Amino acid sequence: MAHIKILLAEDDRNLGMILKAFLDSKGLVTTFCMSGEEAWRSFNASEYDLCLFDVTMPGMDGFTLAKQIKSIHPSMPIIFLTARKEQDDILEGFRIGADDYITKPFSMDELLARIEAVHRRCVHSQTQPSSYRLGSYTFDAPRHVLSNGTETKKLTSKEADLLLLLCENIGNTLERGTALKQIWHEDSYLNARSMDVYVTKLRKYFKDDPNVDIQNVHGVGFKLVVK
């Protein structure tokens, strides 16, 4: 975990300073910004391994900031910090491409564990030497790229992780619980809803090729079928 560069955006100065001091003490290199605008400037001026954003910041909020970052760096890992607990807000975060979502209050140990899990998953995905031919598409897992010769799509880390699991089980059923534990690290109702969102997004990416289908296996999970 040492030398991982984190971009932290939190409008509560006291909380932000506490988080920065804790993460720095664990060997992480943390840049603390008190607004979305400041974090956006920092993101464009340096390189980061992971972003940690409060959602309800004045001006540019965490969701808007994440959308802008994902527009130029789709695979950048993002964890949201927020007091919001409404399911619609949490699902919106995952639709944007968040890798995790932590509601306040939380323990520092939980935060560190989630950062470690997201970083470990992203590093594994980037180093996995796998490429898959799916109908007219090619999925380059290490680069998180899905292409069909005329169009190239850069996937988010969670999209790539889920598609890789489906590819590794192609023709067989990927159980929901297995995917949730490997990617979301918890088999819960909210995470299951989030996974459904990602499956829907993956289906849209393959909409131009009827030979590729991600099927629902009722009560069990999903199956990637390539005719």
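Buried means under 20% relative accessible area, exposed over 50% and partly exposed in between, with a 1.4 Å probe and protein chains only. This is a predicted model, in which local features need pLDDT of at least 70, side-chain atom pairs count only at pLDDT 80 or more, and totals for chains, interfaces and linings use all residues. Residues are numbered from 1 along each chain as its sequence is written, and side-chain values use heavy atoms, with hydrogens and water left out.

**View A. Trp40 and Phe43 form a stacked pair.** Welcome to the aromatic rings: searching the whole structure turns up seven aromatic pairs. The ring centres of Trp40 and Phe43 are 6.4 Å apart and their planes meet at 10°, so this pair is stacked. Rings of Phe, Tyr and Trp (its six-membered ring) pair if their centres lie within 6.5 Å; planes under 30 degrees apart count as stacked, over 60 as edge-to-face and the rest as tilted. About one helical turn separates Trp40 from Phe43, because they are three residues apart in helix H2 (residues 36–45); helices are DSSP runs (H or I, at least four residues), numbered from the N terminus. Trp40, at 24% relative accessibility, is partly exposed, whereas Phe43, at 8%, is buried.

**View B. Tyr132 and Phe139 are stacked as well.** Here the centres are 6.5 Å apart, with 20° between the planes. Tyr132 is partly exposed at 21% relative accessibility, while Phe139 is buried at 0%.

**View C. Ring pairs build a cluster.** Its members are Phe63, Phe80, Phe94 and Tyr101.

**View D. Lys5 lies over the face of Tyr48.** Lys5 is 5.5 Å from the ring centre. A charge sits over a ring if NZ of Lys or CZ of Arg is within 6 Å of the ring centre and within 35 degrees of the ring normal.

Methods: Helix = DSSP H or I, 4+ residues; strand = E, 2+ residues; numbered from the N terminus.
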